[in-house]
Amino acid sequence: MSIEQFSSIDCDALRMRPGLPATSGGKTRMAEDGREESVAADEDSEHTAVDGSSSFTNAMVEEGSSLLRRMEICVAEAEKRSGKNAVNMQETFSVYLIETRPMDAVAEGRNPAPDSLWRRYSEFELLRNYLIVTYPYTVVPPLPEKRAEFVWHKLSADNMDPDFVERRRVGLENFLLRVASHPVLSNDKILYHFLTEEHGWKEVVYETGFQAKADSRLRALSATFRVRNPDKRFMEMKHYSDELQSYTSQLLRARARVADRLYGVYKVHGNYGRVFSEWSAIEKEMGDGLQSAGHHMDAYAASIDDILEEEEHYADQIKEYLSYAEALRAVCRKHELTQFELEMASQDLISKKQQREELATGIVRTFSFKGMTNKLFGQEAPEQREARLKLLEELIAEGEETVKEKTVECEEHVERAWVDMQRFKDQKDKDLREALINYAVMQISMCKKGIQVWSNAKECFLKM
């Protein structure tokens, strides 16, 4: 499926929640509308209850509503810390302050102090891994990059660089807002625990046993190559995710190259400023005009730092969808795995039924070692035959139950995953459209400022 085909799918547009964290460039990141009527979480999904939860806690995870309707969430700041890791070695790391406040208090005009706690990036990773395993039919929002990628040469690739840590803070807040506004993920009690309980939440996560349920990469890869009848829509979606990742990575690489060259062009204008300023020292009538023009050129050369800093926030929005492409593929791979398991269970059931028929009739339709031994050493005793038939009947009953369960699992995954993919499609279309338009507006503004600088220089020259 091409990007154009996927973008043309007719779906109801999702409203987007305004007021998400503003970046230092003054732009607003968008997440889904927390007030959108949420899809009820499946009653059979495994959730770990938070012991001693109050009625407010229960309201937070009320089925059919998103957490963002009930709670104000932000990642307020980042802080650098040092400590010893699991192997008792000293390390430096960043922690992020999560602040939450009941939405009803805000609506009533009260302004209570927010509840706050600190989390490391690795804890955000643990939360996301839990959500991926627990809700395999959802396109789980990605985390911001752990290390800077697609950087131009003047931008630091150090993951402890203050500018990078600040952009990651914005990305982590955006991740929480997306999860908290998701119609299914927002109802998870582990998420609420992550936001409100600083200590003990990891133990609660591990008690769910989600790690044991995680599909191995080898199993998923095997299913990809051996599945016979996958849903065509998911195969097209998987192909689309590959294309989306390819085009967004190409866009980011192109943008990094442009940023490198643009930085050089702007900084070279500083040479105009230096030449005009030095020249003005030997001129009497032309001196003031040359010096003023030099100041304009210096200001123009210096402005590129703020411009490219603002550009980085648009690049981060594109990077988010670069990562979303992998989240989309994960849902498709899960479909391949469930379909492959259904096919294997069906094949096993057919084989056992054939064995039962051969044993009952005494006619072996296919070559088998058992058939050869019967010809060489004679038929089994009636008691042995009856025992084998009884065992086969039990295995067939178990096989039929397994096929039934796998069929339901596969159908439910297809149905739920397709709904969430359409939700993601609406979100993607709106977010990328807004990001690209704002990026174009920023470029237009940058060009206008360049025109203004040269217009000011022209006025200085006219006054000489």
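## Lys238 in helix H10

Lys238 is buried, with a relative accessible area of 16%. The model is predicted. Lys238 belongs to helix H10, which spans residues 232-280. Once neighbours within four places in sequence are set aside, the residues in contact with Lys238 are Thr224, Arg329, Cys332, Arg333 and Glu336.

A pairing across the chain also involves this lysine: its C-alpha atom is separated by 7.2 Å from that of Leu328, although Lys238 and Leu328 are 90 residues apart along the chain.

## Val275 in helix H10

Val275 is also found in helix H10. Val275 has a relative accessible area of 39% and is therefore partly exposed, whereas Lys238 is buried at 16%. Partly exposed covers the range between the 20% limit for buried and the 50% limit for exposed.

## The three-stranded sheet

An open sheet is built from 3 strands in the order E3-E4-E5, and its pairing is antiparallel. Strand E3 (71-84) and strand E5 (115-120) stand at the edges; each has a single partner strand, so one side of each lacks a neighbour in the sheet. From one strand to the next, the twist averages 25 degrees.

Strands of a sheet pair through backbone hydrogen bonds, in either a parallel or an antiparallel manner. Here E3 and strand E4 (residues 90-102) run antiparallel and are joined by 13 bridges. Glu79 stands opposite Val95 in E4.

## Helices against the sheet

Helix H5 (residues 162-181) packs on the sheet, where it touches E3 and E4. The direction of H5 makes about 135 degrees with that of E3.

Helix H6 (residues 189-196) lies across E3, E4 and E5. Relative to E5, helix H6 runs at about 100 degrees.

## Cysteines

How many disulfides does the structure hold? The number is 0. Cys74 has 24% relative accessibility and so counts as partly exposed. Cys410, at 5% relative accessibility, counts as buried because its value is under 20%. A further cysteine, Cys332, is among the residues in contact with Lys238.

Key. Residues numbered from 1 in each chain as written. Predicted model: local features only at pLDDT ≥ 70, side-chain atom pairs only at ≥ 80, totals over all residues. Heavy atoms only, no water. Disulfide = S-S within 2.5 Å. Buried < 20%, exposed > 50% of the residue type's maximum accessible area, 1.4 Å probe, protein only. Helix = DSSP H or I, 4+ residues; strand = E, 2+ residues; numbered from the N terminus. Pairing = 2+ DSSP bridges. Axes fitted to C-alpha atoms, helices over the stretch in contact; angles between N-to-C directions. Contact = heavy atoms within 4.5 Å.
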